[in-house]
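Me: I've got this model open and want a quick walk through it. Can we go piece by piece?

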Amino acid sequence: PVLLSCGSAQPGACPALCECSEPAKTVKCVNRNLTAVPPDLPPYVRSLFITGNPLTDLPAGAFLAQRLPDLASLNLSGNHLQTVEAGSLALPALRQLDLSGNALVSFSPQAFGEGGSPLEELALRGALRDHGVLLSLAALLQSGALRNLSRLELADNGLLLLPAGMFTALPALRQLDLSNNSLVGLRNVSFQGLGQLQSLNLSDNSLGVLWNSTLAQFRSLPALRHIVLRHNTWVCDCAIEDMVAWLKESDQVEGKEALTCASPDKMLGKALLKINSSDLNCSVPTDLPSQLQTSYVFLGIVLALIGAIFLLVLYLNRKGIKKWMHNIRDACRDHMEGYHYRYEINADPRLTNLSSNSDV
């Protein structure tokens with residue numbers, strides 16, 4: 001009986017440095033100085049917390065799928081994770097993953113295995129300071145491996161720009177948090193295909209204006225009802241006129257009454273909703289980059305036309321040009337023969353004396 005008791009208890013045993021609750025299906029390994037994932041986690045676990053440890057690497061097989069078939073929530077925040085290798089998160093029941101507060105350097109696009117993952121919530125707050133990791137995450141999202149993802153948190157990462165098409169393969173996404181970054185624009189960001197998106201947090205960034213292309217995407221998302229834009233550096237010149245019109249007619253923006261101008265100085269602190277066309281100097285085109293691009297294209301066409309006309313004129317006057325070139329050649333030849341003759345006279349002493357006597 002004693003041997004049978006020990007044998008039956010071993011599969012549900014709790015790792016030495018962790019706290020386990022079988023009724024709650026929870027294991028907590030918090031601030032235990034762990035440098036690796038405990039290999040003897042109980043198979044009943046559904047919620048696992050491994051936080052505040054000097055854990056730097058998440059190798060393939062760190063969580064054995066066969067041993068942890070019911071693991072649905074995994075919190076790895078506040079560690080020292082730098083590397084997430086391929087296959088390290090291939091768990092069949094994983095729905096929630098928190099990697100916030102880690103200094104990730106390498107994140108494999110195959111971290112969730114070769115097939116798709118059932119993951120629904122992914123938190124990466126403050127974990128994407130390395131640009132290479134951001135590109136790896138974009139590749140992972142674009143691969144379609146996380147098509148079930150409904151919540152994505154990318155706050156506190158100092159992001160300036162987002163990779164193009166980063167969110168195009170997330171049809172189930174409902175909440176997207178991009179707050180507290182340094183985003184300066186959204187022109188290369190596509191929200192197309194996010195038909196389920198309900199909440200978009202863009203607060204505490206460096207946005208100066210939202211262009212018509214972005215506003216059109218917001219209008220086209222049927223479920224989007226909560227857009228947060230507070231604490232951005234709105235530039236209240238003529239370029240913001242369309243955005244102000246959108247704010248006045250839209251019910252998507254939370255707290256839009258509190259949005260104020262950050263520049264120029266004469267508009268500092270003025271509420272965006274109180275801006276009128278008369279407050280803005282709209283003599284300058286609103287979309288300067290596209291205007292410049294159009295100007296360069298027009299200039300190229302004009303130069304090409306001038307070049308074609310020049311070549312046509314040369315072709316039509318080829319006989320005259322040929323005769324003119326022959327005349328120049330004959331004139332140059334006569335001139336050179338004159339120089340040659342004078343040189344021969346000067347070089348021959350007899351001819352020089354003869355020339356002198358003749359002059360006398």
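This is a predicted model: local features need pLDDT of at least 70, side-chain atom pairs count only at pLDDT 80 or more; totals for chains, interfaces and linings use all residues.

Reply: Let's begin with a network of salt bridges that links Arg-125, Arg-151, Glu-153, Asp-156 and Asp-177. A salt bridge here is a side-chain nitrogen of Lys or Arg within 4 Å of a carboxyl oxygen of Asp or Glu.

Me: Is Asp-177 buried or exposed?

Reply: Asp-177 counts as buried, at 15% relative accessibility. Arg-125 is partly exposed at 30%. The cut-offs are under 20% relative accessible area for buried, over 50% for exposed, and partly exposed in between (1.4 Å probe, protein chains only).

Me: And what about Glu-153 and Arg-151?

Reply: Their side chains meet in a salt bridge at 3.1 Å, N to O. Glu-153 is buried, with a relative accessible area of 8%, and Arg-151 is partly exposed at 27%.

Me: How many salt bridges does the count come to?

Reply: 7. One of them joins Arg-95 and Glu-120, whose closest N and O atoms are 3.7 Å apart. That pair links distant parts of the chain, 25 residues apart: Arg-95 is in the loop between β6 (83-84) and β7 (96-98), and Glu-120 in the loop between β8 (106-107) and β9 (121-123). Arg-95 is partly exposed at 32% relative accessibility, and Glu-120 is partly exposed too, at 35%.

Me: Switching to the sheet. What's the strand order?

Reply: It's an open sheet of 11 strands, ordered β1-β2-β3-β5-β7-β9-β10-β11-β12-β13-β15, with mixed pairing. Two strands pair if DSSP finds at least two bridges between them.

Me: Which strands stand at the edges?

Reply: β1 (19-21) and β15 (253-254). Each has a single partner strand, so one side of each is left without a neighbour in the sheet.

Me: What about the strands in between?

Reply: β2 and β3 run parallel, joined by 5 bridges, and Thr-26 has Ser-47 in β3 as its bridge partner. β3 also pairs with β5 (residues 73-75) in the parallel sense over 3 bridges, where Ser-47 stands opposite Ser-73. β7 and β9 run parallel as well, with 3 bridges, and Asp-98 stands opposite Ala-123 in β9.

Me: I've clicked on Ile-50. Where does it lie?

Reply: Ile-50 lies in strand β3 and is buried, with a relative accessible area of 0%. Its C-alpha atom is 5.6 Å from that of Val-30, 20 residues away along the chain.

Me: How many residues does the largest nonpolar core have?

Reply: 83, and Phe-63 and Phe-167 have the most contacts inside that core. A nonpolar core is a set of buried Ala, Val, Leu, Ile, Met, Phe, Trp, Tyr and Cys residues joined through side-chain atoms within 4.5 Å. Elements giving two or more residues to the core include β2 (26-30), β3 (47-51) and α2 (131-142), and α2 gives the largest share, 6 residues.

Me: What is Phe-167 in contact with?

Reply: Beyond its neighbours within four places in sequence, Phe-167 touches several residues, among them Leu-152, Leu-154, Val-189 and Leu-194. In soluble globular proteins, nonpolar side chains tend to be buried together.

How values were computed:
Residues are numbered from 1 along each chain as its sequence is written. Side-chain values use heavy atoms; hydrogens and water are left out. Helices (H or I, at least four residues) and strands (E, at least two) are DSSP runs, numbered from the N terminus. Contact means heavy atoms within 4.5 Å.
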